[in-house]
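Trainee: I would like to check some labels against their definitions. Can we take them one at a time?

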Amino acid sequence: MLEDLKFFAMAQRTMQWLNGRQVAIAQNIANANTPKYQPKDLAPLDFKNLLDPPAPPVRAVATNPMHISPVVDSARFETVTEHRPEESKLDGNAVLLEEQTKKLGDVKDLHTLASTLMQANMSLFRTAIGNGQG
Amino acid sequence: MDDLNKTIEIAVSGMKAQAERLRVVSENLANADSLPTAPDQQPYRRKILTFRNVLNESIGADEVKVAKINTDRSPFNKIYQPNHPAADASGYVLSPNVNSLVELMDMREAERSYQANMDVVSTSRTMLTNTINLLK
C-alpha cells in the first residue's frame with residue numbers, strides 16, 4: 001500500500017540499493033588480503049532509476065497451486081567490478097581499506113537518512129489518522 | 001534485511017580468515033628460536049598462508065577462505081655456536097627462517113583487516129536497527 005506513494009517507493013528503493021551496496025562492500029573488505037581480488041561496487045543510483053525502476057524480469061505465471069511459484073527475488077542492481085591496476089598491491093589485490101571504510105560510512109548515513117525520512121512521513125500519517133477519537 | 005544478514009556472514013568469514021592468519025603468525029613467532037637437536041635435523045620452517053575468494057552459493061557472494069598453509073622455502077639462517085649439539089663441523093647451527101619484524105607486520109595487517117570487518121558488522125547492525133525502528 002505504502003509503495004504506491006512515490007515517496008515511500010523511492011525511500012524503499014534507496015534502502016534496497018544501500019543493502020546491496022553493503023553486500024558488495026562487505027565482500028571487498030573480507031577479501032582485502034586475497035591475491036588478485038578486484039573490488040566491486042553497485043552502479044550509482046541515479047534519479048531516473050530511483051523514480052521508475054526497470055521492469056522485473058519476465059517469468060511464467062503460476063496459475064495453479066501445484067505450480068512451483070518462483071522465489072520473490074529482491075531488486076537487482078548492476079554490479080561493477082572496478083579495474084584500477086595502478087592501485088593494486090604486489091599480489092594483484094586492488095582493495096583500499098580506507099576507501100571501503102568511507103563507502104561503509106556513506107551507506108550507513110544514507111540508510112539512517114532514508115529510514116528517518118520514512119519514519120517522519122509515517123508519523124505524518126498517524127497524525128492525519130488521529131488516535132481514533134475524532 | 002536479507003542482504004544485511006548476508007553482509008554479516010561475509011564479514012564473519014573475513015574475520016575467521018584473519019584469525020587463522022594470526023594463529024599462523026603466533027606459531028611462527030613462538031617457534032622463532034626452535035633449533036634442531038642434532039646436526040642432520042632441520043629447524044622450524046616458517047609457515048605462510050594464502051587467502052582465496054570462494055563464491056558461497058547460498059548467499060551468492062564472495063567469501064574468503066584460507067587457501068593453503070604453505071611453508072616458506074627461503075634458506076635457513078645460520079648462527080655460529082660451536083658448543084650447540086646441532087652444530088655442524090664448522091660450528092654453525094641452522095636457525096628458523098622466521099623474521100620477527102615481518103611477522104609483526106603481518107600481525108598488524110591482520111589486526112587492521114579484522115577491525116575493518118568488525119566495522120562492517122556493526123554498520124550492518126545499525127542499519128538493521130534503523131529498519132526495525134520503522135515499525136515503532
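Mentor: Chain B has two helices and four strands. Helices (H or I, at least four residues) and strands (E, at least two) are DSSP runs, numbered from the N terminus. The order from the N terminus is α-β-β-β-β-α. The model is predicted: local features need pLDDT of at least 70, side-chain atom pairs count only at pLDDT 80 or more, and totals for chains, interfaces and linings use all residues. Residues are numbered from 1 along each chain as its sequence is written, while chains are lettered from A and ligands numbered from 1 in the order in which they are written.

Trainee: Why is chain B called more spread out than a compact globule?

Mentor: The radius of gyration, taken over C-alpha atoms, is set against the globule rule, 2.2 Å times the number of residues to the power 0.38. For 136 residues the rule gives 14 Å; chain B has 22 Å, well over that, so it is more spread out than a compact globule. The C-alpha trace spans about 80 × 25 × 15 Å along its principal axes.

Trainee: What makes B:V66 partly exposed?

Mentor: Buried takes 20 or more other C-beta atoms within 10 Å, exposed 12 or fewer, and partly exposed lies in between; C-beta atoms are placed from the backbone. B:V66 has 17, so it is partly exposed. B:V66 sits in strand β2 (residues 61-71) of chain B.

Trainee: Which residues does B:V66 touch, not counting those up to four places away in sequence?

Mentor: B:A17, B:E20, B:L49 and B:F51. Contact requires C-beta atoms, placed from the backbone, within 7 Å. B:L49 is 17 residues from B:V66 in sequence, and 6.9 Å away C-alpha to C-alpha.

Key: Two residues are in contact if their C-beta atoms, placed from the backbone, lie within 7 Å.
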